[in-house]
Amino acid sequence: MSEQQPNPYSGDNGAPGGPGYGYPQGYPATPGTPGYGYPATPPAPGYGYPQGTPAAPGYQPTMGGAGIPAPGQPPAYGGGSGFALGDITIAGDQIMTPSGPMPLRGAMWNASDLSRTETKIPAHAIVLAVIFFLFCLLGLLFLLMKEKTTTGYIQVTVTSGGRHHSTMIPAVDASTYHWVMNQINYARSLSI
């Protein structure tokens, strides 16, 4: 079992270095047969890079001559990375909202905290305090257990280019408002 058997499916009986042995063929491969992991023809000079002068952009049909791309085509956004806050997205030099795009430059950002955090004693702490109060007075320490719950939303509004959009971000804990304000401060720095 220690000796290797030749490959019955190869034409060269599995000679070492041959294509049937399992090694990649040398590049370029013989014409007409692509090599192992290589294209059949050598790439053109500068493969993958633009050559010469750039071509003129193709015709993009518009509706009503307003310069808005037709419904079947995605709108062209500016370059750069963006971020999202609720349904408000910054992409390049535009603010994308469900009500339409707005210019990023000169945008006014506001946030309102409409959340509340309630602190209460959970029911199991009251039950334990009553049970252990009967046995010893240390049961009253269970009344020191507190549970915090945050409910509500953070409202984020943006106004730019004569348009206004508002979104609500659910508050999951007391630090949600601080996170939203950090995001808005970053958006304000981009809007200058």
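Before reading the sheet I noted the rule for pairing: two strands pair if DSSP finds at least two bridges between them. The model I am reading is a predicted one.

**Entry 1: the sheet**

With that rule in hand, I looked up the sheet and found that 3 strands form an open sheet in the order E5-E6-E7, with antiparallel pairing. I noted strand E5 (108–120) and strand E7 (163–170) as the edge strands, since each of them pairs on one side only. From one strand to the next, the twist averages 10 degrees. I then followed the pairing of E5 with strand E6, which covers residues 147–160, and recorded 13 bridges in the antiparallel sense. Which residue of E6 is the bridge partner of Met-108? I found that it is Thr-159. Turning to the helix on this sheet, I saw that H2 packs on it and touches E5, E6 and E7, while the direction of H2 makes about 175 degrees with that of E5.

**Entry 2: the chain as a whole**

I went back to the overall count and listed 2 helices and 7 strands for the protein chain, which run β-β-β-β-β-α-β-β-α from the N terminus on. Of the 192 residues in the chain, 20% are buried. For the contacts with a separation of 6 or more, I noted that 49% are between residues 24 or more positions apart. The chain exposes about 14000 Å², and carbon and sulfur atoms supply 62% of that area.

I looked next at Thr-176, which lies in helix H2, residues 176–191.

Apart from neighbours within four places in sequence, Pro-170 is in contact with Gly-152, Tyr-153 and Thr-176. I also checked Pro-170 against Gln-155, which is 15 residues away along the chain, and read a C-alpha separation of 8.8 Å.

**Entry 3: Arg-116**

I then looked up Arg-116, which is found in strand E5. I put Arg-116 down as exposed, because its relative accessibility is 53% and exposed means over 50%. Setting aside neighbours within four places in sequence, I listed Thr-149, Thr-150 and Thr-151 as the contacts of Arg-116. Between the C-alpha atoms of Arg-116 and Ala-171, which are 55 residues apart along the chain, I read 8.7 Å.

Last, I looked at Phe-135, which lies in helix H1, residues 123–135. I recorded Phe-135 as exposed, because its relative accessible area is 67% and the cut-off is over 50%. How many Å² does the nonpolar surface patch that includes Phe-135 cover? I noted about 1200 Å² for this patch, whose residues include Ile-121, Ile-126, Val-127, Val-130, Ile-131, Phe-132, Phe-133 and Leu-134. Leu-137, Leu-140 and Leu-143 are also among the residues that make the patch.

Terms used. Residues numbered from 1 in each chain as written. Predicted model: local features only at pLDDT ≥ 70, side-chain atom pairs only at ≥ 80, totals over all residues. Heavy atoms only, no water. Helix = DSSP H or I, 4+ residues; strand = E, 2+ residues; numbered from the N terminus. Buried < 20%, exposed > 50% of the residue type's maximum accessible area, 1.4 Å probe, protein only. Contact = heavy atoms within 4.5 Å. Areas by Shrake-Rupley, 256 points an atom, 1.4 Å probe, with all protein chains shown as cover. Patch = residues over 30% accessible without salt bridge, like charges linked within 9 Å, V, L, I, M, F, W, Y side chains within 5 Å. Salt bridge = Lys/Arg side-chain N within 4 Å of Asp/Glu carboxyl O. Axes fitted to C-alpha atoms, helices over the stretch in contact; angles between N-to-C directions.
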